[in-house]
Amino acid sequence: MQELIEGRLTMGNRVRFWSTIMPVQLRVAEQAELRIADNCYINGAIIAAHEHISIGQGVYLAPMAHITDSYAFGSPEAEARTAPVHIADHAWIATRAIVLPGVRIGEGAVVGVGALVTEDVPDRAIVGGVPAKVIRYLNTGEEPGEPSETEVV
Amino acid sequence: MKPSVSINWPAVQDQSNTQVWAKAYAGSGLWSWWYARRLARQTKQLGRGLSIVGRPVVINAGHLVIGNDVQLISDYQPTRLAVGPQAELKIGDGTVINSSIIAAQQQVLIGKHCRLAPFVHFMDSDFHDVGDRLADGKSGPIIIDDRVVIGAHTLILRGVTIGEGAELLPGSVVTKDIPAGALAGGVPAKVMERRSVD
């Protein structure tokens with residue numbers, strides 16, 4: 001696990017980090033804030049906060065998922081272009097998905113593998129592709145017997 | 001490159017390994033020697049002429065078979081082979097794997113003379129269900145035929161069969177079968193060109 005914390009990092013209870021596939025990387029710039037709520041599973045993801053990122057309860061982040069709230073590609077002007085990112089409770093961001101600045105990911109939403117999320121994701125939606133589009137919605141009721149379809153694109 | 005080490009390993013015979021004669025090539029010196037030795041202990045069957053450059057990570061709880069003249073290269077990141085319990089991973093003769101991740105929870109079969117570019121990622125399982133995160137996800141075997149070329153940063157998901165001589169463009173996400181000799185790419189991967197297999 002690699003972290004570079006210059007700003008504020010808040011973490012809830014029972015947050016779990018795995019660094020088996022890739023090291024988890026947390027970067028919080030000066031005067032930035034990263035909030036991670038309870039029961040999150042963070043497996044090899046990269047989170048780079050330059051303004052504000054909040055991650056809700058029970059969020060799953062898969063290996064190489066990249067969450068950033070700035071267009072920081074090296075130049076100072078680019079770093080100035082930031083927008084807060086909010087990931088609501090129980091969302092799942094699958095392997096190698098990229099979440100761009102200013103995006104809100106809805107409650108219980110699933111971001112498919114390799115997706116590039118450029119717009120807000122509604123609650124309980126499954127999105128995928130480049131750029132990410134809604135593929136379908138998860139069942140709203142709790143139906144444990146209902147077989148779910150493939151998660152990916 | 002000349003082989004720097006070629007040793008007959010007696011230690012693996014008591015683990016029912018059939019044929020082990022690992023060669024570690026020059027390039028990372030003693031490290032590759034040590035990793036080849038460790039790999040030989042972990043595999044069920046290991047062919048001749050294995051070439052290791054860099055430091056691969058092998059976590060084997062299942063059935064790992066590596067053919068002859070396989071190259072495991074770890075230039076950009078360690079090549080990671082993770083084989084779950086009762087899972088099977090077979091790598092065919094002459095396949096070159098460079099800085100890729102292969103996570104086998106059920107079955108991953110890679111044919112002969114395939115080429116895997118850096119950061120290719122195989123996942124034959126969803127690992128957890130989409131709706132209920134605590135339940136096990138679906139899984140399906142990944143079968144890669146001979147002479148398949150897989151571009152960098154490609155993700156290959158469960159239940160996918162890739163035909164002989166197919167080529168995948170870099171950065172694609174493969175969710176469905178790719179026919180033999182096809183040129184495919186994109187997210188999700190689509191066939192862009194069909195070519196005849198020689």
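Strands, contacts and confidence in a predicted model

Chain B has one helix and 22 strands; helices (H or I, at least four residues) and strands (E, at least two) are DSSP runs, numbered from the N terminus. This is a predicted model, in which local features need pLDDT of at least 70, side-chain atom pairs count only at pLDDT 80 or more, and totals for chains, interfaces and linings use all residues. Residues are numbered from 1 along each chain as its sequence is written, while chains are lettered from A and ligands numbered from 1 in the order in which they are written.

User: What makes E4(B) and strand E7 of chain B a pair?
Analyst: Two strands pair if DSSP finds at least two bridges between them. E4(B) and E7 (residues 71–73) have three bridges, in the parallel sense, so they count as paired. B:Ser51 stands opposite B:Gln71 in E7(B).

User: Why are strand E4 (51–53) and strand E22 (190–194) of chain B called edge strands?
Analyst: The open sheet of eight strands runs E4-E7-E10-E13-E16-E19-E21-E22 in chain B, with mixed pairing. E4 and E22 each pair on one side only.

User: How do you know that chain B is in contact with chain A?
Analyst: Residues are in contact if their C-beta atoms, placed from the backbone, lie within 7 Å. By that rule 16 residues of chain B touch 17 residues of chain A.

User: What is the pLDDT of residues 142–153 of chain A?
Analyst: pLDDT is the predictor's confidence in each residue, from 0 to 100. Chain A averages 86, and 85% of its residues score at least 70. Over residues 142–153 of chain A the value is below 50, although this stretch has 24 contacts beyond near neighbours in sequence in the model.

Conventions
Two residues are in contact if their C-beta atoms, placed from the backbone, lie within 7 Å.
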